[in-house]
Amino acid sequence: MCGIIGVVAKSPVNQLLYDGLQVLQHRGQDAAGIATSEGGRFLMHKGPGLVRDVFRTRNMRNLVGNWGIGHVRYPTAGSACNPAEAQPFYVNSPFGLLLAHNGNLTNSEELKREMFLSDLRHINTNSDSEVLLNVLAHELQAAAKGFKLDEDAVFRAVAGVHRRCRGAYAVVVMIAGFGLLAFRDPFGIRPLVVGRNDVNGGHEWLVASESVAMDVLGFKTLRDVAPGEAILIDTQGNFRSRQCAEKTVEAPCMFEFVYLARPDSVIDGVSVYESRVKMGEFLADKLKRVVPHADIDVVIPIPDSSRPSAMEMAHRLNLPYREGFVKNRYIGRTFIMPGQATRRKSVRQKLNTIPQEFKGKKVLLVDDSIVRGTTSREIVTMARDAGAVKVYLASAAPPVRYANVYGIDMPTRAELIAADRNEEEICRVIGADGLIYQDIADLKAAVRAVNPAIKFFETSCFDGSYITGDITPEYLNGVENQRGETKSGDDGEGGQLDLNLVANQDN
């Protein structure tokens with residue numbers, strides 16, 4: 001996942017974009033970038049690291065203009081250590097485009113080859129976002145009438161992107177001298193919301209990955225961008241929208257509600273906080289069914305995402321709720337830190353126990369999910385070291401058994417603790433006295449209880465069912481092999497397509 005934001009305002013937007021990216025920082029800590037426009041010129045600054053580290057006062061002063069986009073990066077395709085893959089990406093033709101993307105294309109290699117041979121476009125990095133930008137550029141050039149650009153041409157270009165690109169994508173684009181374009185994939189896998197601020201003389205517009213950006217920046221959330229829909233806001237603040245996909249299915253990523261999104265966000269009509277409370281409700285009912293005589297003294301959340309679920313579990317189980325872990329907020333989220341060794345080392349730096357909440361007690365720890373199991377094993381050990389007599393673990397999400405190919409960093413089954421283990425085996429590996437997972441039907445029911453209108457979800461990491469319908473075992477094997485090669489020393493460079501390789505493949 002990544003965080004994206006786009007603004008068209010009546011006054012300078014550099015501070016708005018900076019503040020918005022800080023609000024979305026939880027969606028990516030690898031790199032950050034902001035681009036603005038004034039007088040037909042693009043101005044951009046980007047680099048590796050957190051928002052607060054990438055931008056200095058001198059950088060902000062140079063980002064002039066009343067409209068722009070921003071991005072925080074969490075690497076899922078390409079290389080985590082290649083600064084060239086910080087976004088936004090730029091291409092000068094046609095018209096001049098800057099793009100920021102959240103998600104992951106599942107046919108990026110096919111598109112890269114297609115663009116090299118047919119579109120005559122060069123891709124300079126391993127990022128699928130650059131592929132997406134060049135597909136849009138080609139479609140825009142084909143749709144435009146010479147040097148003239150109008151909204152019909154822009155919407156036709158987005159329709160072309162939908163026909164060619166597969167996977168998950170929420171996108172904001174700056175078109176030089178024209179305006180801000182935002183669109184979402186036909187399945188609505190990755191989130192995108194639009195808001196408005198009424199000011200003297202007109203409207204200001206904001207699109208962002210989560211509604212919390214609207215709240216903090218003083219905009220009123222209007223609605224989610226619909227799956228397959230494109231929104232176009234010109235530099236004068238005129239708003240247009242159009243459905244650009246031939247067929248759409250609303251199937252938001254379930255992991256947004258489980259873990260990725262901030263609890264104070266509303267995504268696709270679902271309060272993230274309320275959905276997590278419901279997850280705790282369903283999980284407590286399952287625990288009462290499966291282990292009716294569980295000897296538990298206290299419920300303790302593993303901060304932060306699991307708190308709403310843990311509080312509701314304690315309430316429904318009639319057990320005390322206690323905070324047993326203190327989080328160091330200056331350490332990044334371990335789930336999105338590159339490298340297993342770094343992730344393992346960071347757990348004890350990130351969390352510390354309050355011993356009196358564990359000593360002599362049988363504790364139920366509640367987490368939002370268990371992905372690799374590394375963190376869970378360390379936390380169970382910490383609870384025992386703090387004096388817990390027994391340690392049970394509850395996951396508000398089902399077992400993560402399958403690769404995610406839509407923009408979450410869990411692409412190889414070899415890294416997933418539940419990929420080839422049952423719950424009893426997982427319990428032994430993490431060292432707990434008992435383990436309970438949410439049922440997938442209950443997870444869907446929990447979110448659907450908040451918004452019954454949602455009929456489908458993207459839940460491939462739990463059930464292996466890929467909503468886009470194009471994921472094959474061969475594709476998954478290729479992703480795993482590519483990830484293994486990257487870990488073994490690939491520096492993320494070498495995005496150019498080899499002409500000799502193309503020639504050999506054509507023979």
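**Pairing, packing and burial in a predicted model**

Me: What makes strand 1 and strand 4 (residues 67-73) a pair?
Reply: Strand 1 and strand 4 are joined by six bridges in the antiparallel sense. Two strands pair if DSSP finds at least two bridges between them, so strand 1 and strand 4 qualify. Within this pairing, Gly6 stands opposite Ile69 of strand 4. Strand 1 also pairs with strand 10 (residues 202-208), again antiparallel, over four bridges, and there Val8 faces Trp205. Strands (E, at least two residues) and helices (H or I, at least four) are DSSP runs, numbered from the N terminus.

This is a predicted model, in which local features need pLDDT of at least 70 and side-chain atom pairs count only at pLDDT 80 or more, while totals for chains, interfaces and linings use all residues. Residues are numbered from 1 along each chain as its sequence is written, and side-chain values use heavy atoms, with hydrogens and water left out.

Me: Why is strand 1 described as largely enclosed by the rest of the structure?
Reply: Six of its six residues are buried, so strand 1 is largely enclosed. Buried means under 20% relative accessible area, exposed over 50%, and partly exposed in between (1.4 Å probe, protein chains only). Gly3, Ile5 and Val7 point one way from strand 1, Ile4, Gly6 and Val8 point the other way, and all are buried.

Me: Why is Cys2 called buried?
Reply: Cys2 has a relative accessible area of 5%, and is therefore buried. Cys2 lies in the segment before strand 1 (3-8). The unreviewed UniProt entry annotates Cys2 as "active site"; such annotations may be inferred rather than shown by experiment, feature names are shortened, and positions follow the numbering used here. Beyond its neighbours within four places in sequence, Cys2 is in contact (heavy atoms within 4.5 Å) with residues including Arg27, His71, Tyr74 and Ser209.

Me: Why are helix 5 and helix 6 called oblique to each other?
Reply: The axes of helix 5 (residues 128-143) and helix 6 (residues 151-164) come within 8 Å and cross at roughly 135°. Angles under 35 degrees count as roughly parallel, over 145 as roughly antiparallel, 65 to 115 as roughly perpendicular and the rest as oblique. Helix 5 and helix 6 are therefore oblique. Axes are lines fitted to C-alpha atoms, for helices over the stretch in contact, and angles run from 0 to 180 degrees between N-to-C directions. Residues making the contact include Leu132 and Leu136 of helix 5 and Ala153 and Ala157 of helix 6.

Me: What makes strand 16 (298-301) and strand 21 (434-437) edge strands?
Reply: The open sheet of four strands has the order 16-19-20-21, with parallel pairing. Strand 16 and strand 21 each have a single partner strand, so one side of each is left without a neighbour in the sheet. Four bridges join strand 16 to strand 19 (residues 362-367), where Val299 stands opposite Leu364. Helix 10 (residues 307-317) lies across strand 16, strand 19 and strand 20 (390-395), at about 140° to strand 19.

Me: How do you know that Ser305, Asp367 and Asp368 cluster in space?
Reply: UniProt lists these three under "binding site" in an unreviewed entry. They are spread over 64 residues of sequence, yet their largest C-alpha distance is 7.6 Å. Ser305 is found in the loop between strand 16 and helix 10, and Asp367 lies in strand 19.

Me: Why does Ser305 count as buried?
Reply: Ser305 has 12% relative accessibility and therefore counts as buried. Asp367, with a relative accessible area of 8%, is buried too.
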